[in-house]
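Biologist: Let us go through this model and ask what each label rests on. Please set each value against its cut-off.

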Amino acid sequence: MTQSRYDAIVIGAGVNGLVAAHYLARAGRRVLVVEREPNANAALDVGWVPPQVVHELDLERQGLRFTQPDPWIAAPLEGGGRLELWRDLGRSVEAIRRINPADAAKWPDFCARMRKLATVLERLYVAPPPDIESRNPRELTRIAGLGLYVRRLGKQTVIDLARVLPMSIAELLDDWFENDALKGVLGAVGVWHLKQGPRSGGTAFNFLHHHVGSPIGVFRPPVSNIASVLLGLPGIEVRRGQEAMPVHGPDGHLTGVGLGPHGDTIEAQLVVTSADPRAAFEYAKPDLDPEFVRAIDNIKCRGVVAKGTLAWQGPTRFTNLCVAPSLEYLERAYDAAKYGRDSERPYVELRAEDGHIEVHVQYVPFRNGDSNAEHDRELRAAVVGVLAPHVPEIKAAESRLVLKSPDQFHLTEGHLYHGELTLDQILFMRPVPGWSRYRTPLEGLYLCGAGTHPGGGIAGAAGRNAARVILKDTKRS
Ligand SMILES: Cc1cc2nc3c(=O)[nH]c(=O)nc-3n(C[C@H](O)[C@H](O)[C@H](O)COP(=O)(O)OP(=O)(O)OC[C@H]3O[C@@H](n4cnc5c(N)ncnc54)[C@H](O)[C@@H]3O)c2cc1C
């Protein structure tokens, strides 16, 4: 049975799918979003929302709110007490001075240098990745403009860019600081969502990626209610609880999407998918160039993060709490993952939200289905074991801790970013070299999710970039 016709169908009601859908709708397209999950995720969204998205979709007036915890992080110290880092640089300097005066003296300079590097990424992230083969004067002007922007930031920033991006986060932090607790708190972000330890090359880039959009001296991404705001905006239709797959006619042309294995077909000439790229092309592999298929199959998506929620009555003595006492601790946590095992002592971070606590646990490698109740129990025990010395109430709350490991995410290898942010999988190499500008070899099918530039942990940039490319390609006269 064939149903009514839309101009565009967006697969997936995550942040990027919704942003893409709203941009298309605002350009006059009739848009349907199809999402397989029956219920919206109630948690807040982590990641910088580019100001262009906020402004162009008028999100502030629609209720967009950012949470700004202060201190932005607290880390337990070995001999008791906590290292608390604040939005105010001076206050952080005072806190660091109590544990290491030499590190405190360097904090403002470190923060200023990292902020400058992050601004370069911010500029790169609000447009499709630079097209290095292009002879188009506009693209060449854009690339030259970026070069000029970097030059204007000064010689030190040019040197830092070339030197820092390929570094390991451990090398970068050892270069600046002495104190283990400080390096642990900062190093943890360098390995977020990577099956790599802090001594792996490129983790300094991952650290900077997660610094984009944050104020100077704050090294945790902003958290907002963007997904629920986008869901409340008028202009698009959202259908939940249905799996969608692009459908092609006998001549190979895209004709719309099919719902579920035997469901209705909904017609549209344009399909935009926010599914992870490895999953997105699964259905079309026999018809695609084997080189493209090989590149897609080789996208590294090695999920290593478990996420949890803990219902919590009453106040907490923290807003963000990070248990990663040193770079050595992080490296040892990673050692287990190298051989496919969960960390015995994982890196755990807590974020208090209204009435519950969000939990990040790393490393918990994808087990390809070999996950069971026993594994869940062991994982929960490991998390509680790590947290109990710092949050004693956690023992009594253990039964309320609901953890989801990579096998439970319904994503390729359980990777929440739809592909790791390693240096070989960013910019014009994301999702694969040659296809980084949201188009695909299948005419009418576009990508818009975290598997495309600029990747996970940035809310809505990929959706906006993709929509702008699509609107250019399908310009109405
Ligand atoms: C439980 C969870 C916790 C997370 N926690 C964090 C965090 O703490 N920090 C952080 O930085 N990032 C986190 N992320 C990742 C973050 O949400 C993503 O980086 C970001 O949301 C990217 O958004 P997206 O729209 O590109 O992809 P997604 O949010 O993954 O959205 C894609 C959507 O498409 C749907 N979909 C896929 N295929 C189909 C299909 N065939 N038919 C219909 N629907 C389909 C999926 O169900 C999904 O809702 C988390 C993700 C999840 C799922």
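Modeller: A polar contact is a pair of N or O atoms within 3.5 Å; within protein, one must be able to donate a hydrogen and the other to accept it. The model is predicted. The backbone nitrogen of A181 lies 2.9 Å from a polar side-chain atom of N179, and 2.9 Å is within 3.5 Å, so the pair is a polar contact.

Biologist: What makes N179 a cap of α8?

Modeller: A side-chain oxygen of N179 lies 2.9 Å from the backbone nitrogen of A181, at the N-terminal end of α8. The backbone nitrogen of L182 is also 3.0 Å from a polar side-chain atom of N179. N179 itself sits in the loop between α7 (169-176) and α8.

Biologist: Why is N179 called buried?

Modeller: Its relative accessibility is 15%, and buried means under 20%, so N179 counts as buried. Leaving out residues up to four places away in sequence, N179 touches I99, N100 and D103.

Biologist: Why is helix α8 described as largely enclosed?

Modeller: Ten of the eleven residues in 180-190 are buried, so α8 is largely enclosed by the rest of the structure. Among the buried residues are A181, L182, K183 and V189.

Biologist: How do you know how many disulfides there are?

Modeller: A disulfide needs two cysteine sulfur atoms within 2.5 Å. By this rule the count is zero. For C301, the nearest cysteine sulfur is that of C448, 16 Å away, and C301 is in no disulfide. For C322, the nearest cysteine sulfur is that of C111, also at 16 Å, and C322 is in no disulfide.

Biologist: Are C301 and C322 buried or exposed?

Modeller: C301 has 1% relative accessibility and counts as buried. C322 is buried as well, with a relative accessible area of 2%.

Biologist: What makes P129 a buried residue?

Modeller: The relative accessibility of P129 is 0%, which is under 20%, so P129 counts as buried. P129 is found in the loop between α4 (101-125) and α5 (137-152).

Biologist: Which residues does P129 touch?

Modeller: Not counting residues up to four places away in sequence, P129 touches E139, R142, L427, F428, S436, R437, Y438 and H453. Contact here means heavy atoms within 4.5 Å. The C-alpha atoms of P129 and H253 are separated by 27 Å, and the two residues are 124 apart along the chain.

Biologist: What surrounds the ligand?

Modeller: There are 25 residues around the ligand, and the closest are N16, E35, K307, H418 and A450. By class, this shell has ten nonpolar, ten polar and five charged residues. α1 (15-26) and β3 (31-35) each supply at least two shell residues, and α1 gives the most, with three.

Definitions and conventions. Residues are numbered from 1 along each chain as its sequence is written. This is a predicted model: local features need pLDDT of at least 70, side-chain atom pairs count only at pLDDT 80 or more; totals for chains, interfaces and linings use all residues. Side-chain values use heavy atoms; hydrogens and water are left out. A residue is near a molecule or strand if one of its heavy atoms lies within 4 Å of it. Helices (H or I, at least four residues) and strands (E, at least two) are DSSP runs, numbered from the N terminus. Ala, Val, Leu, Ile, Met, Phe, Trp, Tyr, Cys and Pro count as nonpolar, Asp, Glu, Lys and Arg as charged, and the others, Gly among them, as polar. Buried means under 20% relative accessible area, exposed over 50%, partly exposed in between (1.4 Å probe, protein chains only).
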